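Keep the structure open while you read.

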Amino acid sequence: MLRLSDLLPDHLKKKLATEARKNVPQREQGPRQGHHERRHHRDTPVIPIPDFVAIDVETTGLDFAKDRVIEVGAVKFIAGKAADEYSTFINPGVPIPEHITDLTSITDQDVAAAPPFSAIADRLLAFVGDLPLCGHQIDFDLTFLNKELERAGKKPLRKQNLDTVLLSKIILESGRRYSLKSVSQTLDVT
């Protein structure tokens, strides 16, 4: 699958890395406890951003062969701005393990009246359309979505994907943590 670096020419990759490093807080500033100031971002991005769909799934576990999707959330970005969103609980047809409820706050009661994945598959595919998918460790999400699509008798998503973990590794200093929370804090983005 294509990655973000495949979508951008070399001169834009360099410019992206330079711009991103400018916005990273300096280490000597220390922790930002209680820091609530938000940066004012330009209306027009320095580098043109391709249209894409940011997607995230929650599941009953980590084994795509036996575990099931319990929630899908997606936001369509057009011209660098959120243009539409789609979100739904999914009834997995199996109980949600307690440790997953502790992690996600999603309970069996939340998904009891939700549709099965097969009932939302066409709507999700239509929402995504031909746009690339973006996510933090996107391969995890795509593996689960494609397994659910297979169970529903649908074709898998074979799209370009943008992995924000990979992007973080390109932009940020090595040796940093690349969890979504850590990257968000480093870049001062909610």
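This is a predicted model: local features need pLDDT of at least 70, side-chain atom pairs count only at pLDDT 80 or more; totals for chains, interfaces and linings use all residues.

## Helix H6 and what covers it

As for its dimensions, H6 runs for 14 residues. From first C-alpha to last it reaches 20 Å, close to the 20 Å expected at 1.5 Å a residue.

## How H5 meets H6

Two packed helices are described by the angle between their axes and the distance between the axes. Here, the axes of helix H5 (residues 117–128) and H6 come within 9 Å and cross at roughly 115°. The crossing of H5 past H6 is left-handed. On the H5 side the contact is made by Phe117, Ala121, Leu124 and Leu125, and on the H6 side by Leu145, Glu148 and Leu149. Sorted by class, that contact of H5 with H6 has six nonpolar residues, no polar ones and one charged residue.

## The nonpolar cores

In soluble globular proteins, nonpolar side chains tend to be buried together. The largest nonpolar core in this model has 22 residues. Those with the most contacts inside this core are Val53, Ile55, Val72, Phe117, Leu124, Leu133 and Leu145. Strand S1 (52–59), strand S2 (69–78), H5 and H6 each supply at least two residues of the core, and the largest share, six residues, comes from H5. Apart from this core lies another one, of six residues, among them Ile96, Ile100, Ile106 and Val111.

What does Leu133 touch, leaving aside its neighbours within four places in sequence? Leu133 is in contact with Val53 and Ile55, with Val128, with Ile138 and Leu142, and with Leu157, Gln160, Asn161 and Leu162.

## Gly153, just past H6

Gly153 sits in the loop between helix H6 (138–151) and strand S5 (161–163). Just after H6, then, Gly153 takes a positive phi of about 75°.

Is Gly153 buried or exposed? Gly153 counts as exposed because its relative accessible area is 66%, and the cut-off for exposed is over 50%. Gly153 and Ser118 are 35 residues apart along the chain, and their C-alpha atoms are separated by 8.3 Å.

## Positive phi without a glycine

Two residues to look up here are Ser105 and Gln137. Ser105 is not a glycine, yet it has a positive phi of about 70°. You'll find Ser105 in the loop between helix H3 (98–104) and helix H4 (108–112). Ser105 is exposed, so classed because its relative accessibility is 57%.

Gln137 belongs to the loop between S4 and H6. The phi of Gln137 is near 60°, a positive value in a residue other than glycine.

## The whole chain

Stepping back, the protein has eight helices and five strands. Reading from the N terminus, the elements run α-α-β-β-β-α-α-α-β-α-β-α-α.

How many of the residues count as buried? Of the 190 residues of the protein, 35% do. Taking contacts between residues at least 6 apart in sequence, 64% join residues at least 24 apart.

How values were computed. Residues are numbered from 1 along each chain as its sequence is written. Side-chain values use heavy atoms; hydrogens and water are left out. Helices (H or I, at least four residues) and strands (E, at least two) are DSSP runs, numbered from the N terminus. Buried means under 20% relative accessible area, exposed over 50%, partly exposed in between (1.4 Å probe, protein chains only). Axes are lines fitted to C-alpha atoms, for helices over the stretch in contact, and angles run from 0 to 180 degrees between N-to-C directions. A crossing is left-handed if the near helix is turned anticlockwise from the far one by less than a right angle, and right-handed if clockwise. Contact means heavy atoms within 4.5 Å. Ala, Val, Leu, Ile, Met, Phe, Trp, Tyr, Cys and Pro count as nonpolar, Asp, Glu, Lys and Arg as charged, and the others, Gly among them, as polar. A nonpolar core is a set of buried Ala, Val, Leu, Ile, Met, Phe, Trp, Tyr and Cys residues joined through side-chain atoms within 4.5 Å. The expected span of a helix is 1.5 Å times one less than its number of residues.
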